[in-house]
Each structure stands twice: as structure tokens, then as C-alpha cells.
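Me: Hi! Could you walk me through a protein model, in plain words?

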Amino acid sequence: MVNIKTAVRADGLTVVRGGRTALDGLGFTVARSTVTGLLGPSGSGKSTLMRALVGVQGGVSGTVEVLGLPAGHPELRRQVGYVTQAPSVYTDLSVRENLDYYAAVLAPGGGRAGRRARTDTVERTLAEVDLGSHAEVPAGRLSGGQLSRVSLAVALLGSGSGQRPELLVLDEPTVGLDPVLRRDLWALFHRLAADGTTVLVSSHVMDEAERCERLLLLRDGRLLAEDSPGRLCERTGAATVEDAFLRLVEEARP
Ligand SMILES: Nc1ncnc2c1ncn2[C@@H]1O[C@H](COP(=O)(O)OP(=O)(O)OP(=O)(O)O)[C@@H](O)[C@H]1O
């Protein structure tokens, strides 16, 4: 039976990449309608884990269930939004044209009502990522931060007809953003979670951990902890998540 409180469930999740074990027997859950942070240093396996969740990673063994279905199940395509570190937008199309295009691919047809629903979704999404004033600018002329917000907007289109994705998987979406944009983006993640979307965000910047309700801490392909930032600090006696992380690394030493 589908557990409606759980968006993601992994058990014994192992990934071998290029002959190396990139993820080693991970077991965790991601609660629905939360902002969950996937934190760990560079190379710890964050992107690999996200790829396994969206079903595009080879060499996976163990169990990975997303919204009660096996990861990568065709039914999940419209329920899961995924933003990689490399933006996949057309640089010669404007921001609005990119969104119109993806909305039409996600929910083609529907006659006049379908077109109206897509236009409304695109307008609302442009406003959400604060790109309304750049809607007519070709994506190739945007800054890195603006470009990553276009990718986020594409993921937010969901089914393309107004329905939000149930799960958003965002690989380091705040890299290179100034502090104001970072703050605004985190506020958007929390608004989305309050509306029922589960947001899984990766970061290698530990100070972003404090902005998450739940954390998965990764190191060398192993899960160091799965907890809320407050509980993590409490149980390790640390003042910050960064300190808690360092203490857990020490504890894990053989
Ligand atoms: N295409 C690939 N082929 C083989 N091994 C890979 C490939 N991409 C990554 N790896 C290895 O898998 C491990 C996990 O990498 P991954 O990209 O998941 O880490 P990450 O935590 O997302 O790092 P970053 O924060 O730098 O993006 C690393 O040891 C890396 O060298």
C-alpha cells in the first residue's frame, strides 16, 4: 500500500559507477510536503542519489520507491520535476518561449482550453521564479542565476496544465546565486512544500542546512545522518550543522 506520508523510500540503495561504489547501501525516507536537504561534500554522491531517484542512473541495486512506485516508473514522469546542475533550456528562445514549449510538450493539445491553461501556468510560474520582467529575453543572454531559475520554472510546470509536480528534485539550485536570490529561492521552496510539493534540494554548503526541515547527510557514498537540523545539533552537542557533520565524521572513523 502507498504510504501517503512518504515521498521517497530507499532501502539498501547501492550504486556502482565506473567500477566504484558511489552509494553504499543507503536506507532513508523523505517525508511528503517537506523541504529536505541532501548535504555532503563534493563527490559524496548527491547527484548520483538524485539520478537514482528520478530513474536515470545505471548500476543501481536495492529498493528505491518514489510516491509508492519504483523509481523511474513512467507514471512518475509528470509527478517528478528534476533540475540538474546543467541547465537544459534553449538559449535562442526567450524565457517565455522556453516555458511555452515545455508546457506544450508536457500537456499537448486540449484545444483552446488547453492553450489557456498552459498560458496561465506559464504566467504563474514566471512570477514564482521572479522572471516576469525577463520573460522576453533570450535565455542565452541571462546570468547563471537567472538561467538556473528558468530550469527551476521548467521543473515547476509539472503536468503543464496547472498541476504541480508532487516531488521536486533540485541538484544544487542555489550555486552561484547572490544571498538575496538564495533567500528568495528558499522561501519559494517552503511555499511549495506548504502547498503539498515535496522538495529535495542538494547542497554542499552546510549553512543551507539550517533552512531545511529534514536533512540527509552524505559522505563518501554513505549516509551519516537522517534528521532535522535541530535534533542533529542536539544529539551531537554541536552548535551548527557543520559542526554536527564534523562530529559525525569523527564518530564514523574506524
Ligand atoms: N560519469 C561518471 N562515471 C563514473 N563515476 C562517476 C561519474 N560521475 C560521478 N562519478 C563518481 O561518483 C561519485 C559521486 O559523484 P556525485 O557526482 O554523485 O557527487 P556529488 O556529491 O554530487 O558531487 P558535487 O557536489 O561535486 O556535484 C564520485 O566519486 C564521482 O567520482
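Reply: Happy to! This is a predicted model, so local features need pLDDT of at least 70 and side-chain atom pairs count only at pLDDT 80 or more, while totals for chains, interfaces and linings use all residues. Residues are numbered from 1 along each chain as its sequence is written.

Me: What is the strand order in the open sheet of six strands?

Reply: The order is E6-E7-E8-E3-E9-E10, and the pairing is mixed. Strands (E, at least two residues) and helices (H or I, at least four) are DSSP runs, numbered from the N terminus. Two strands pair if DSSP finds at least two bridges between them.

Me: And which strands stand at the edges?

Reply: Strand E6 (80–83) and strand E10 (222–227) do; each has a single partner strand, so one side of each is left without a neighbour in the sheet.

Me: How do E6 and E7 run, parallel or antiparallel?

Reply: E6 and strand E7 (residues 167–170) run parallel, joined by four bridges. Tyr82 has Val169 in E7 as its bridge partner.

Me: What about E9 and E10?

Reply: Strand E9 (residues 214–219) pairs with E10 in the antiparallel sense, over five bridges. Leu216 is opposite Glu226 in E10. The hairpin of these strands has two residues between them, and Asp220 there takes a positive phi near 50 degrees.

Me: New topic: what is the order in the open sheet of four strands?

Reply: That one goes E2-E1-E4-E5, with antiparallel pairing. Strand E2 (20–31) and strand E5 (69–70) are at the edges with a single partner strand each, so one side of each lacks a neighbour in the sheet. Eight bridges join strand E1 (residues 6–17) to E2, and Val15 has Leu23 in E2 as its bridge partner.

Me: Which strands does H1 lie across?

Reply: H1 lies across E1, E2 and strand E4 (60–66), at about 120 degrees to E1. Such angles run from 0 to 180 degrees between N-to-C directions, with axes fitted to C-alpha atoms, for helices over the stretch in contact (C-beta atoms, placed from the backbone, within 7 Å).

Me: Why is H1 called largely enclosed?

Reply: Eight of the nine residues of helix H1 (residues 46–54) are buried, so the rest of the structure largely encloses this helix. A residue is buried if 20 or more other C-beta atoms lie within 10 Å of its own, exposed if 12 or fewer, and partly exposed in between, with C-beta atoms placed from the backbone.

Me: What surrounds the ligand?

Reply: The residues around the ligand include Arg17, Gly40, Lys46, Thr48 and His204; to be near, a residue needs its C-beta atom, placed from the backbone, within 6 Å. H1 gives the largest share of this shell, three residues.

Me: Now H4: which elements do its buried residues pack against?

Reply: They pack against E6, helix H2 (95–106), helix H3 (111–128) and E7. Among the buried residues of H4 are Val150, Leu152 and Leu156. Just after H4, Gly158 takes a positive phi of about 60 degrees.

Me: Last one: where is Val175?

Reply: Val175 is in the loop between E7 and helix H5 (179–194). With 15 C-beta neighbours inside 10 Å, Val175 counts as partly exposed. The C-alpha atoms of Val175 and Gln85 are separated by 8.9 Å, with the two residues 90 residues apart along the chain.

Terms used:
Contact = placed C-beta atoms within 7 Å.
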